[in-house]
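Here is a short report on a predicted model. Sequence and structure come first, and the notes follow.

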Amino acid sequence: MFNRKLRENCGVIGIYGLPKAAQYAYLGLYALQHRGAESAGIIASDNGDFSFHRGMGEVATVFSNKHQLETLKGNMAIGHNRYSTTGASDQTNIQPLFSTYWGGEIGIGHNGNVTNYDSLRRRLEASGAIFRTDSDTEVFLHLIANSKESDIVQRLAKALRKVKGAFSLVLITPDKIIAARDPHGVRPLSLGKVRSGYIVASETCAFDIMKARYLRDVEPGEILVIDEQGPKTAYQRPQKRPAMCIFEYVYFSRPDSRIFNENVDKLRRKLGRRLAWEYPVDAELVISVPDSSNTHALGYSEGSGIKFEIGLIRNHYVGRTFIMPKQSIRDIDALIKYNPVKGVLEGKSIVLVDDSIVRGTTSRKIVKILREAGAKKIHFRVSSPPIISPCFYGVNIPTFEELIAHKHSVEEIRKILKVDSLEYLSIKGLLSISKRPPDQFCTACFSKHYPIPGDNVPKNTRKRGF
Ligand code: SF4
């Protein structure tokens, strides 16, 4: 199987005030497919009459039958795409989760990771809670049900005060859509308007597909309620020091999205330009590792004045279900995904731009493919710093042992990859691309500075930022 090198753990969407809201949620989930492809689901409400459909696989697989979507009635819906970071990848953990408790019915979709999940779950189970899933999202439902407040917003506010970590949430009740973001604002969540209705989504690329207009981000610590009076801030917890995930700009988000109120495409070009400024090299061509590095490579080309060329073609039809043939063709997994353009590469000295290196296995194979296609010199440039530490806030960055930059110096990695030179963007360079102050971002996977504590989160080992 050949997967994305890193996986975000989810995309969420909420729709209010549109007839056949589930169909809009479905379109939005399509746009957010890159944030989760293990499972997908939608819960719709028709004046409190709930219906849902959930399943394993990509959105197109889960909703392969038109009839499934038509059974989801009403003008409110929430949807979710999942990759697992907490809990197994199976039927029981598919979101949105739905529950009936003393206060009524409620559905929830979550992007992020609860860092005190283990201790919260132990406490809840000791007081009698029976968990149906092993997903951290379920703790939100138990904490809401445990609260004695009379109103759902107050119950949710009380629940969220007990949770540490990263969460961008969408919830559905019989008459409202609720959106909430953790007080550090780690994961994105935006609000838009479409005709007479409203949409909240992990990324604004979900707005474009339904011609919605971006209004604003859901603020860190905010609980936003959308009901017949429109959207309003129902509760604003005092914000903590922001810790927005800088990796959203590097890799996770789509370049056509607006994340943390900045345009991702523009920032990725800046990353490439900055990389060219920090690490210039004498070469004839700039090529990217498609598709995620295309914009970075264009930026490097702009910054260096070296021509951008398409030197690798990515096969878009390799699904996650690709089964490796038994007879072993060496590096078949990389070859099936990337094919070199020999006419471009033969005899050329190239700058290969990638957005990040995780384990290094794919990079090594790509370099080999380029060499065999005739590239004379390969200068590898990475538009983010070395990843030296795992993520505990909703991204499946592997364990310390699996990270090549945790175990090896840049020079050692250069030798492992067999390239003529290798350079990574500095943390200072990475943080320079945004108009926000550098200390508003989480950089923990590059710096080991973890802004939010948790059961398994290492204690801060360095100063924040760079
Ligand atoms: S550790 Fe890395 S991937 Fe995780 S939230 Fe921080 S910057 Fe993002």
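## An exposed helix residue

C-beta atoms are placed from the backbone. Glu-411 has 9 C-beta neighbours inside 10 Å, so Glu-411 is exposed.

Glu-411 sits in helix α15, which spans residues 410-417. Val-153 is 258 residues away from Glu-411 in sequence. In space, the two C-alpha atoms are 53 Å apart.

## The open sheet

An open sheet is built from 6 strands. Their order is β5-β6-β7-β8-β12-β13, and the pairing is antiparallel. β5 (97-101) and β13 (230-236) are the edge strands; each has a single partner, so one side of each lacks a neighbour in the sheet. From one strand to the next, the twist averages 25°.

Within this order, β7 (residues 165-172) and β8 (residues 177-181) pair in the antiparallel sense over 5 bridges. Ile-172 has Ile-177, in β8, as its bridge partner.

Helix α5 (residues 138-146) lies across β5, β6 and β7. Helix α5 runs at about 135° to β6 (104-114).

## Around the ligand

Which residues surround the ligand? The shell includes Cys-245, Ile-246 and Phe-247. Cys-442, Thr-443, Ala-444 and Cys-445 also surround the ligand. So do Val-186, Cys-391, Tyr-393, Val-395 and Ile-397.

By class, the shell holds 11 nonpolar residues and 1 polar residue. No charged residues belong to the shell.

Terms used:
Residues are numbered from 1 along each chain as its sequence is written. This is a predicted model: local features need pLDDT of at least 70, side-chain atom pairs count only at pLDDT 80 or more; totals for chains, interfaces and linings use all residues. A residue is near a molecule or strand if its C-beta atom, placed from the backbone, lies within 6 Å of it. Ala, Val, Leu, Ile, Met, Phe, Trp, Tyr, Cys and Pro count as nonpolar, Asp, Glu, Lys and Arg as charged, and the others, Gly among them, as polar. Two strands pair if DSSP finds at least two bridges between them. Helices (H or I, at least four residues) and strands (E, at least two) are DSSP runs, numbered from the N terminus. Axes are lines fitted to C-alpha atoms, for helices over the stretch in contact, and angles run from 0 to 180 degrees between N-to-C directions. Two residues are in contact if their C-beta atoms, placed from the backbone, lie within 7 Å. A residue is buried if 20 or more other C-beta atoms lie within 10 Å of its own, exposed if 12 or fewer, and partly exposed in between; C-beta atoms are placed from the backbone.
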